[in-house]
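Good morning, and thank you for coming. I would ask you to look at the structure on the screen while I take you through it.

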Amino acid sequence: MSVLDHPVECPAGQHIKYFRPEHNTAKYAVLTMLHGAGWPNHMFWQRWVEAHPPGQVALCVHMKAGVAVGPGMVGHAFINTQRLRTSVNANWGDISLVEATIDSIAEILSRCPHVTHIALASGHDVPVSLMTPAVLLPGVSSFGMYQFGEQEHTVLQEACTEELQEDTDLTRDEAQRWSQALTFHHQWMVLSREHAAAVVKLRTEITVVGRMARMGVCSGVSPQSMHLRCSAVKQAQCIMISVLMRRKCTHCQLQHTPGLHRGSAAIQVAE
């Protein structure tokens, strides 16, 4: 057992043991970025993992530094079973979120020797399909599009209404109100192990590019250089894919694929 695997005392007085058996067997990992809101949808993720073959998927949680995980937090017990040691004071829209993501990816790569893909998610996401070889090709990463068009959004709302009617005792009016309250948007990035390792290796360059891009002084992060609309990709993902492409680690192809969290168009990136 390495020093990283020793249990430590968390703020709630519970012990966290960072190593889990599935780390040795998992083919896929999901990195979930959490903060003070806890993990509202943790039960969905737990059932989603159980729907895969045993030991195939590892859930890994990054909890924002300084946040106490105690009984008052939604999903606190499950969070403590999935937490990474990595903990960065990450803020939305700031380069610290990129740093937290990359450092967490580095820890996952060291803990999970057989993982071929790492998907990123937030605590408010709900998984809608399983991770399978048919969706996740060897050496191929997926960067999801950020927004749906009006017509696709309408179709998704109608499909959601029908699903709610079939799976619950809601009336059509009730199901429509629920579906109209949902936000359908992007699929977070899914990195192949090769691209994940490259991102970790290029951490310093990625953070420098991120800070320059925020100040509007980095010409290397442009829609033209990436052959895609930067506004259609989450900022952190846009920065990472820009550096990967600048280093000639990738080539891009836009394809429509089923999303792991919500279903979306995706930019397929291969070595």
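I begin with S192, which is buried, with a relative accessible area of 0%. Buried here means under 20% relative accessible area, exposed means over 50%, and partly exposed lies in between, with a 1.4 Å probe and protein chains only. S192 sits in strand β7, residues 190-192. Which residues is S192 in contact with, leaving aside its neighbours within four places in sequence? They are T116, H117, G139, V140 and S141, where contact means heavy atoms within 4.5 Å.

A word on the source. This is a predicted model, in which local features need pLDDT of at least 70 and side-chain atom pairs count only at pLDDT 80 or more, while totals for chains, interfaces and linings use all residues. Residues are numbered from 1 along each chain as its sequence is written, and side-chain values use heavy atoms, with hydrogens and water left out.

Now the chain as a whole. The protein chain has nine helices and nine strands; these are DSSP runs numbered from the N terminus, helices being H or I of at least four residues and strands E of at least two. Of its 271 residues, 49% count as buried. Among contacts between residues at least 6 apart in sequence, 71% join residues at least 24 apart. The chain exposes about 13,300 Å², and carbon and sulfur atoms supply 56% of that area, as computed by the Shrake-Rupley method with a 1.4 Å probe.

I turn to helix packing. Two packed helices are described by the angle between their axes and the distance between the axes.

Helix α3 (residues 95-111) and helix α6 (residues 193-201) pack at an angle of about 125°, their axes 9 Å apart. The axes are lines fitted to C-alpha atoms over the stretch in contact, and angles run from 0 to 180 degrees between N-to-C directions. The two helices, α3 and α6, are therefore oblique to each other; angles under 35 degrees count as roughly parallel, over 145 as roughly antiparallel, 65 to 115 as roughly perpendicular and the rest as oblique. From α3, the contact is made by I102, I105, A106 and L109, and from α6 by R193, A196, A197, V199 and V200. By class, the residues of this contact divide into eight nonpolar, no polar and one charged. Ala, Val, Leu, Ile, Met, Phe, Trp, Tyr, Cys and Pro count as nonpolar, Asp, Glu, Lys and Arg as charged, and the others, Gly among them, as polar.

V199 also has a distance to report: its C-alpha atom is separated by 9.8 Å from that of C249, 50 residues apart along the chain. C249 is in the loop between α9 (235-246) and β8 (251-257) and is partly exposed, at 22% relative accessible area.

The second pair is α4 (residues 150-167) and α5 (residues 172-180), whose axes come within 8 Å and cross at roughly 130°. That angle makes α4 oblique to α5. Their contact has four nonpolar, six polar and two charged residues. In the loop between α4 and α5 lies T171, partly exposed at 44% relative accessibility.

Finally, is E205 buried or exposed? At 17% relative accessibility, E205 counts as buried. E205 is placed in helix α7, residues 203-215, and touches V243, R246 and R247, not counting residues up to four places away in sequence.
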